[in-house]
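These are my notebook entries on one structure, set down in the order in which I looked things up.

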Amino acid sequence: NGGGGSRENSTVDFSKVDMNFMRKIPSGAEASNVLVGEVDFLERPIIAFVRLAPAVLLSGLTEVPVPTRFLFLLLGPAGKAPQYHEIGRSIATLMTDEIFHDVAYKAKDRNDLLSGIDEFLDQVTVLPPGEWDPSIRIEPPKSVPSQEKRKIPVFPNGSAPSSGDTPKEADHHAGPELQRTGRLFGGLILDIKRKTPFFLSDFKDALSLQCLASILFLYCACMSPVITFGGLLGEATEGR
């Protein structure tokens, strides 16, 4: 009002915030808001996927005061609300996927997003309608499989990478401290220079309750079997 601009997002009413839920959200987390709806002035659906830079705190959209990074908006003609709802739920599922999550943050254009969706569909498991009851809960797996294999580039026709694409064994040992210098003790001198800035912190960081407790535990855990073995051996050999 009065041309002063809206200050709706500048403050948050923490009395309406579910703090128990807020404690479960890690620090630095950002939100994705999925908005779908039907209107009577459109003839075909309109979809927008927005990545904000920087993230903005949009009060009234999220249950907790977490800045919003992504916005998915779907508006379409009336009569297909259930279909729009399922599309929105699919996008929300996409944003919970670890791999697509990274794709969304780093995508430069819509082709990157479409490639991320294709990769997700290649890995997803589809349950046909009528084969299970949607009202019941599917039990989670006992162990979650690693997603690292999904980060490996896919080669056409399932072929393996060529020898030129495979990192050589020598590349793993190509650090500057292991390269030949041509001087006497040159590598040792470089290694000491590299380590010197962290030398003091190696000891200071250990002066914490958690580190001291771990050191004491490991000391007792390692010494107990040694003392026991020594005592039994001494008794068995009559002190010899």
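This is a predicted model: local features need pLDDT of at least 70, side-chain atom pairs count only at pLDDT 80 or more; totals for chains, interfaces and linings use all residues.

Entry on the second largest pocket. With those classes in hand, I find that the lining of the second largest pocket has eight nonpolar, two polar and two charged residues. The residues concerned are Phe21, Ile25, Pro26, Ala29, Glu30, Ala31, Asn33, Leu61, Thr62, Glu63, Val64 and Val66, and the volume of this pocket comes to about 270 Å³.

Entry on the largest pocket. Here I looked up the volume, which is about 1600 Å³. Of the 37 residues lining this pocket, Ser90, Thr93, Leu94, Phe120 and Val124 are the closest to its centre. Which element gives the largest share of the lining? I find that α2 does, with eight residues, while β2 (46–56), α2 (81–96) and α4 (110–123) are each recorded as supplying at least two. By class, I have 23 nonpolar, seven polar and seven charged residues for the lining of the largest pocket.

Entry on the nonpolar core. The largest nonpolar core consists of twelve residues, namely Phe70, Phe72, Leu74, Tyr84, Ile91, Leu94, Met95, Phe100, Ala104, Ala107, Leu113 and Phe120. At least two residues of this core come from each of β3 (68–77), α2, α3 (98–106) and α4, and α2 gives the largest share, four residues.

Entry on the cysteines. How many disulfides does the model have? The count comes to zero. For Cys220 in particular, the nearest cysteine sulfur is that of Cys222, 9.5 Å away, and Cys220 is in no disulfide, because a disulfide requires a pair of cysteine sulfur atoms within 2.5 Å. I also checked accessibility: Cys220 is partly exposed, with a relative accessible area of 38%, and Cys211, at 32% relative accessibility, likewise counts as partly exposed, because that class lies between under 20% for buried and over 50% for exposed.

Definitions and conventions. Residues are numbered from 1 along each chain as its sequence is written. Side-chain values use heavy atoms; hydrogens and water are left out. Buried means under 20% relative accessible area, exposed over 50%, partly exposed in between (1.4 Å probe, protein chains only). On a 1 Å grid over the protein atoms alone, a cavity is a set of points where a 1.4 Å probe fits but cannot get out, and a pocket is an open set with protein on both sides within 12 Å along at least five of seven lines; lining residues have an atom within 4 Å of a point. Grid points are joined across faces, edges and corners, and a volume is the space filled by probe spheres set on the points. Ala, Val, Leu, Ile, Met, Phe, Trp, Tyr, Cys and Pro count as nonpolar, Asp, Glu, Lys and Arg as charged, and the others, Gly among them, as polar. A nonpolar core is a set of buried Ala, Val, Leu, Ile, Met, Phe, Trp, Tyr and Cys residues joined through side-chain atoms within 4.5 Å.
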